[in-house]
Amino acid sequence: MVSLIVAVSPTQAVGIESMLEDRTAGTWRTRVLMRHLGAKPHDKETNNAAIESLVKDHPAAIVVAAANLCGAWLEDEYLKVKRLSKDRLHLAVKSWIESEGLSWRLNAEKCSQRGSFKWQKIDDWCNQFRLVDPERGHRVAAAILSQLKVATVAEMADWFDGLPPVDHSVFFIGADPHSGDHGLVNILSARIEGPKLIEATKLQLQTANAEVRLFADAAWSGGESERRLECLYKPCNKKASVIGHGNKLHLRFAYLTTTAQEALTKKINVLEATGACSPNSVQSSCPENNLLHVNPTGKTKGLAFQRKDLNDYVDPANSSSMRDICKSIGVQIAKKRPLGTDDVASTIMFEHSIPRAVLPVLIFGGAKVKAHDGTEFVWKALVGSSHVEKPANADNDVHCKECPLVRDERAAREAQAAEAAQGEASAAAA
């Protein structure tokens, strides 16, 4: 929807469009309408008619026009029309960009004020992309920062409020004190009565048909969420009780991706097929606008690469350029997850934690990256957190040996050890 109309000469329009492009990472095009005015004296009457027509066609839009190219009566006739000198008009457009939240730089600066993370200077971080790709690198950085979000505690609380009542509200606690699970508990405990809020492994169901709600800040790839779901239904000597066939389970996330949604659906189908739960007894949900589409296949897989306007800004001739550049850096600084967990490529963080699904170019550093000229430099993360850099190991003592929450971790460690042993054997043979 058009919110701003800029009516200026073709020459002035070039400079304003360039400023709009650079400051908004190309996101201005659906919000701003540029109208070229004639610059000759006899053109003024035609210009007046054109502006008047634009006002009527776009009643909700503000109009800024070159004062010397249109009549003063337009301001008296239409309150939304502002006739400005060249310099004032340029400043007015810049102010509009910032007030509408379209400035990628201002967005990044606001994000840096949230949470207690360590932030690098924005320009220093952006300049690293220039070293990798002098032509498109700075555009990739701007496109990423235009999407950056740090969800506040207040937002999280709102997303968990107003839900239908249940008998039990539960959560899982991770081993790391920096884990997002710990921050989530603080949010929940301020809103849910103590006896009704409990850690999942200590849940004691009151009745055979009790309803339970499991809270989590997000499900990105779905891997951890489906393991937690399986754990809730798996009997063992470490838990007081498990979710039964007659219970209803509501999974509530602050953010939910389509990738995680699909993974959870498959796990629920397995639980239904094995008789662990009855059909339709497990439901997942998130706030209406927080279901995120990853695009599971194709050149633009990943949350950060879904917007056509941003991909066009980076490289109008190649929609995959932004993703390719991020991945080329990612494989050097986070080999196992170059675009975040399962290539989710998120740009969303929380005040209380940084998910590992976030783009590695934002949160990982310390490794060498090859520049365009063949030299190497050490990549620095924009956002630093000890939870990301040195996470604690899971406390397996609270789980049984076959618990899905440790089973997959154990298998991963065994596979990693086998791979290392194979590498050593190959080296010895060589």
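Biologist: Is cysteine 111 buried or exposed?

Modeller: In this predicted model, local features need pLDDT of at least 70, side-chain atom pairs count only at pLDDT 80 or more, and totals for chains, interfaces and linings use all residues. Residues are numbered from 1 along each chain as its sequence is written, and side-chain values use heavy atoms, with hydrogens and water left out. Buried means under 20% relative accessible area, exposed over 50%, and partly exposed in between (1.4 Å probe, protein chains only). Cysteine 111 has a relative accessible area of 2%, so this residue is buried.

Biologist: How many disulfides does the structure hold?

Modeller: A disulfide is a covalent bond between the sulfur atoms of two cysteines. Here it is counted as a pair of cysteine sulfur atoms within 2.5 Å. For cysteine 111, the nearest cysteine sulfur belongs to cysteine 126 and is 13 Å away. The number of disulfides in the structure is 0.

Biologist: Which cysteine has the sulfur nearest to that of cysteine 326?

Modeller: Cysteine 326 is buried, with a relative accessible area of 0%. This residue is in no disulfide, and the nearest cysteine sulfur, 12 Å away, is that of cysteine 126.

Biologist: How many of the 11 residues of helix H7 are buried?

Modeller: Helices (H or I, at least four residues) and strands (E, at least two) are DSSP runs, numbered from the N terminus. The elements covering the buried residues of H7 include H5, H6 and helix H13 (321-333), where contact means heavy atoms within 4.5 Å. Among those buried residues are Val140, Ile144 and Leu145. Helix H7 (residues 137-147) is largely enclosed by the rest of the structure, because the number of its residues that are buried is 8.

Biologist: Which strands stand at the edges of the sheet?

Modeller: Two strands pair if DSSP finds at least two bridges between them. The open sheet has 4 strands in the order S2-S1-S3-S4, with parallel pairing. Each edge strand has a single partner strand, so one side is left without a neighbour in the sheet; these are S2 (32-36) and S4 (81-84).

Biologist: How many bridges join strand S1 to strand S3?

Modeller: Strand S1 (residues 4-8) and strand S3 (residues 62-66) run parallel. Within this pair, valine 6 stands opposite valine 64 in S3. The number of bridges joining S1 to S3 is 4.
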